[in-house]
Amino acid sequence: MKISKITTIIIFILIIVTPLFMFNWEDGAVSKIDNRVLAEIPFMPNVPKGDLTESIEKCVEDRIGLRDKMILYYTILNDKLFGKMVHPSYSYGKEGYVFFKMGPNMRYGEFHETFADMVKKIQDYCYERNIVFLFVFNPSKTSVLTKYLPAGVSYDSNWVNQFLSALDKRNVNYVDNTGLLIEKSNNGEIVFNKQYDAGHWTDTGAYYGVNSMLEGLREQIPQIHINKKDEFRTTEKTMTSLPVSEFPIYEVIEEMNMKITVQDNTVQYDNEVKRDNRYRGFSYSINLSRLEENGPKALVFQGSYMNGKGNKFLKNSLGEYVAVHNYQNVINFPYYFNIFKPQCVIFEVTEYTFSDGYFNRKDMENMKLTPPLSSEINKDNVIIKRDKINNEDLSIEQGKALTKIIWKNTFKEALYVWLLLSEDEFDMQKIPNTIKYEVSVKNESYNKLKEKLKIIVKYDSEFIVYE
């Protein structure tokens with residue numbers, strides 16, 4: 001009896017102590033069970049100081065040993081015994097459908113007005129340079145499969161119609177794929193999986209959504225290629241767990257894979273093209289077959305729908321396809337435009353990403369884009385002066401793919417600054433809290449024309465050409 005009590009006590013102590021011994025001390029650790037960065041460890045360098053008690057509590061909750069396993073087993077037990085999904089990220093809908101957990105319904109507000117203004121700024125920038133522009137709105141699974149949402153959940157997406165009306169008022173060229181995907185789903189097409197990947201469309205959904213985008217460009221680019229299903233190999237794949245989770249499921253999904261091979265230039269630029277640290281996605285592909293058909297060179301700001309499933313359909317259709325993870329990166333739009341000089345720009349956004357966490361409202365409000373030089377220099381009462389470039393004010397930083405040109409403005413505050421390499425025009429952006437302006441260009445652009453470099457600066461109605 002005594003031995004059994006001691007054994008029980010030892011087992012009980014081990015149950016309590018083992019998770020503490022297995023505490024997760026990794027810096028920047030990410031939970032596999034709910035796909036988020038764990039709470040930071042108090043007292044560590046660079047950790048913001050706040051309510052110490054609250055910080056310790058959150059840290060222990062997130063980092064205690066076996067956390068993911070305990071959540072997983074608890075989730076599976078509830079699923080098997082009660083048919084309930086008690087997962088941190090997912091919830092069951094009707095008939096076994098799986099959705100991301102839903103918060104309060106979004107309401108239309110100033111954020112959306114600011115967002116619409118930003119889209120208009122980017123479109124104007126493109127149109128002023130005779131570049132085709134298209135904004136693409138992709139719906140969430142909740143909007144397409146509303147009838148399968150959990151009982152008692154009422155999803156209100158009225159803000160979407162208000163936002164699209166705001167785009168209409170600004171004459172923005174856009175495609176809304178909501179109606180198309182609802183129609184395809186009602187006709188039996190699987191545009192979102194029943195369970196697997198609750199947050200993104202399927203290859204079938206991406207195929208229809210991307211073709212809709214391409215049709216939206218066709219009026220301005222008649223030669224653009226629209227994908228056909230026989231251009232892809234369709235295979236089946238069995239999925240046994242939810243993404244970024246060990247929660248068990250069983251679902252057979254279809255995958256569509258390109259039959260042709262495209263040239264991949266991603267590695268050449270990946271390390272030098274700057275992006276927000278949270279949104280690092282980037283790719284650059286060239287489809288020689290489409291280039292022979294005069295297919296366009298496109299710069300595409302895209303989210304996880306396109307990063308995950310949609311990109312293959314753009315690779316199959318476009319001549320050159322430069323993909324940048326959108327969100328904070330699109331707010332730095334001129335940087336990418338000046339490097340890649342596209343023939344068309346696509347800005348794709350998914351319904352659930354309209355929030356300050358993805359697109360910082362203050363940064364959108366402060367977004368200032370430079371007009372083309374021709375539109376400014378051709379105005380009445382313009383005074384043009386010439387000066388010699390001071391080499392001490394010019395800095396050239398050349399990498400393997402890109403050349404960064406930095407110019408120090410020692411005269412007075414400028415309205416706009418342009419760089420000219422012969423006839424090629426680039427707009428320079430002010431480096432915050434400095435008197436310096438910078439632009440990045442491809443090495444071939446700089447090396448070929450560096451002898452014909454000029455910097456043109458607008459000060460009020462006066463221009464100075466530095467050469």
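**Close-up views of a predicted model**

**View 1. Contact between helices α4 and α6.** H112, E113, F115, A116 and V119 of α4 meet W159, F163, A166 and L167 of α6, where contact means heavy atoms within 4.5 Å. By the classes used here (Ala, Val, Leu, Ile, Met, Phe, Trp, Tyr, Cys and Pro nonpolar; Asp, Glu, Lys and Arg charged; the others, Gly among them, polar), the residues of this contact are seven nonpolar, one polar and one charged. Helix α4 spans residues 110-127 and helix α6 residues 158-169; their axes lie 9 Å apart at an angle of about 35 degrees. Axes are lines fitted to C-alpha atoms, for helices over the stretch in contact, and angles run from 0 to 180 degrees between N-to-C directions. The crossing of α4 past α6 is right-handed, that is, the near helix is turned clockwise from the far one by less than a right angle. Helices (H or I, at least four residues) and strands (E, at least two) are DSSP runs, numbered from the N terminus.

The model is predicted: local features need pLDDT of at least 70 and side-chain atom pairs count only at pLDDT 80 or more, while totals for chains, interfaces and linings use all residues. Residues are numbered from 1 along each chain as its sequence is written, and side-chain values use heavy atoms, with hydrogens and water left out.

**View 2. The open sheet of eight strands.** The strand order is β14-β21-β20-β17-β18-β19-β16-β15, with mixed pairing; two strands pair if DSSP finds at least two bridges between them. β14 (383-387) and β15 stand at the edges with a single partner strand each, so one side of each has no neighbour in the sheet. Neighbouring strands are turned against each other by 25 degrees on average, direction ignored. Helix α12 (residues 333-340) packs on the sheet and touches β16, β18 and β19 (436-442); its direction makes about 40 degrees with that of β19.

**View 3. Two antiparallel strand pairs of the sheet.** Strands β15 (residues 394-398) and β16 (residues 402-408) run antiparallel and are joined by five bridges. They form a hairpin with three residues between them, and Q398 stands opposite T403 in β16. Five bridges also join β17 (residues 416-421) to β18 (residues 424-430), again antiparallel, with L420 opposite E425 in β18.

View 4. E320 belongs to β12 (residues 320-325). E320 counts as buried because its relative accessibility is 15%; buried means under 20% relative accessible area, exposed over 50%, partly exposed in between (1.4 Å probe, protein chains only). Its side chain makes a polar contact of 2.5 Å with the side chain of Y284. A polar contact is a pair of N or O atoms within 3.5 Å; within protein, one must be able to donate a hydrogen and the other to accept it, and residues adjacent in sequence count only if both atoms are side-chain atoms. Leaving out residues up to four places away in sequence, E320 touches Y284, S285, I286, L291, P296, K297 and A298.
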